Amino acid sequence: MVTLIDNSALKPRHPEKANRPDSVVLRKPDWIRVKAPGSPVYKETQQIVREHGLVTVCEEAGCPNIGECWSKKHATMMIMGEICTRACAFCNVRTGMPGPLDASEPEKVASAVEKLGLEHVVITSVDRDDLADGGAQHFADVILAIRARNPKTTIEILTPDFLRKDGALEVVVAAKPDVFNHNLETVPSKYLKVRPGARYFHSIRLLQRVKELDPTMFTKSGIMVGLGEERNEVLQLMDDLRSAEVDFLTIGQYLQPTKKHTPLIRFVTPDEFKSYATVATAKGFSLVSSSPLTRSSHHAGEDFAALKAARMAKLGH
């Protein structure tokens with residue numbers, strides 16, 4: 001008789017970080033603190049997510065806004081599994097070799113969107129460098145499934161960079177999401193340490209290419225601050241995004257998930273965030289969200305309405 005022991009639960013979440021030295025996790029200032037989740041609507045949202053066997057970036061990335069968002073039935077779906085092929089030094093999503101795609105996932109996501117009654121939904125994913133198209137067709141399938149079941153729901157996607165995946169971006173854009181988001185995450189000088197698997201100017205070019213393929217599609221990108229970047233580097237990044245005609249910029253505080261993740265250098269003050277917002281607006285972004293707790297999908301529905309209003313105002317309507 002052979003007894004099989006499942007060791008999967010014992011595997012480290014981030015094996016590539018296991019041998020890194022511990023760094024001090026700084027105590028959060030008052031302006032970062034949030035209420036613990038637990039409202040009845042939060043629990044209802046959690047139940048719907050569980051019933052459909054879905055993964056959310058809210059949980060996997062340890063988002064501080066989960067209590068607020070889930071209490072409004074706003075959950076950001078993370079497709080293509082919960083294991084990422086990249087090993088970004090800032091990220092709390094599990095690292096490793098993912099399993100095969102779930103062919104039923106597009107319909108599961110569409111059903112959950114219907115049950116949650118979402119007017120605007122955000123769909124993101126892990127990086128899938130193991131797939132020939134980086135998961136582009138799966139993104140398109142999810143978008144089309146949501147459209148078929150929820151024709152009035154607007155769709156925002158937050159994609160990987162599809163690095164070295166020729167033709168992948170075109171597949172996703174052809175599915176016509178309402179907002180195409182791809183985060184730069186940090187300034188170029190920090191990429192080697194913080195985001196070693198990505199390429200800064202490839203990401204800029206990706207966002208520019210979206211506009212070339214569909215000039216009517218809203219584009220969006222976001223960064224974290226507090227990683228040791230200089231102010232002038234953030235301002236240059238703004239210029240790079242505007243050169244790619246990006247409409248919407250988000251800036252939020254980096255929060256270190258564990259002692260093994262890349263260290264938090266400092267907490268950026270609320271006044272500094274306001275200053276970044278003022279400069280970004282002056283540089284021509286249609287919308288800017290800059291605050292300690294800003295995250296890519298935080299208040300996404302309200303932000304989409306504001307984006308549309310800003311475009312109409314520019315057109316003189």
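This report covers a predicted model, strand by strand and then by side chain.

## Basis

Numbering starts from 1 along each chain as its sequence is written, and side-chain values use heavy atoms, with hydrogens and water left out. The model is predicted: local features need pLDDT of at least 70, side-chain atom pairs count only at pLDDT 80 or more, and totals for chains, interfaces and linings use all residues.

Buried means under 20% relative accessible area, exposed means over 50%, and partly exposed lies in between, with a 1.4 Å probe and protein chains only. Both faces of E8 are covered. One side carries Phe248, Thr250 and Gly252. The other carries Leu249, Ile251 and Gln253.

E8 pairs with strand E7 (residues 218-225) in the parallel sense, over 6 bridges. Pairing requires that DSSP find at least two bridges between the strands. Met224 stands opposite Gly252 of E8. From E7 the chain crosses through helix H9 (residues 231-243) to E8, and this β-α-β crossover is right-handed. Right-handed means that, with the strands pointing away from the viewer, the path from the first strand over the helix to the second runs clockwise.

E8 also pairs in the parallel sense with strand E9 (residues 287-290), over 4 bridges. Here Phe248 has Leu287 of E9 as its bridge partner. The chain passes from E8 through helix H10 (residues 270-282) to E9, again in a right-handed β-α-β crossover.

## Thr219 in E7

Thr219 lies in strand E7. Thr219 is buried, with a relative accessible area of 0%. Its contacts (heavy atoms within 4.5 Å) include Phe180, Leu207, Val210 and Lys211. Glu245, Val246, Asp247 and Phe248 are also among them; residues up to four places away in sequence are not counted.

## Aromatic rings and charges

The structure holds 4 aromatic pairs. Rings of Phe, Tyr and Trp (its six-membered ring) pair if their centres lie within 6.5 Å; planes under 30 degrees apart count as stacked, over 60 as edge-to-face, and the rest as tilted. Tyr191 and Tyr200 have ring centres 5.6 Å apart and planes at 90°, so this pair is edge-to-face. Both are buried. Tyr200 and Phe201 have ring centres 4.8 Å apart and planes at 90°, so this pair is edge-to-face. Ring pairs link Tyr191, Tyr200 and Phe201 into a cluster.

Two arginines sit over rings. The criterion is NZ of Lys or CZ of Arg within 6 Å of the ring centre and within 35 degrees of the ring normal. The charged end of Arg311 is over Phe218, 3.8 Å from the ring centre. Arg242 lies over the face of Phe285, at 5.5 Å from the ring centre.

## Annotated cysteines

An unreviewed UniProt entry lists Cys84, Cys88 and Cys91 under "binding site". UniProt positions follow the numbering used here, feature names are shortened, and annotations may be inferred rather than shown by experiment.

Cys84 lies in strand E2 (residues 83-84). Cys84 is buried, with a relative accessible area of 10%. Cys88 lies in the loop between E2 and strand E3 (94-95). Cys88 is buried too, at 14%. Leaving aside neighbours within four places in sequence, Cys88 contacts Lys17, Val194 and Arg195.

Technical notes. Helices (H or I, at least four residues) and strands (E, at least two) are DSSP runs, numbered from the N terminus.
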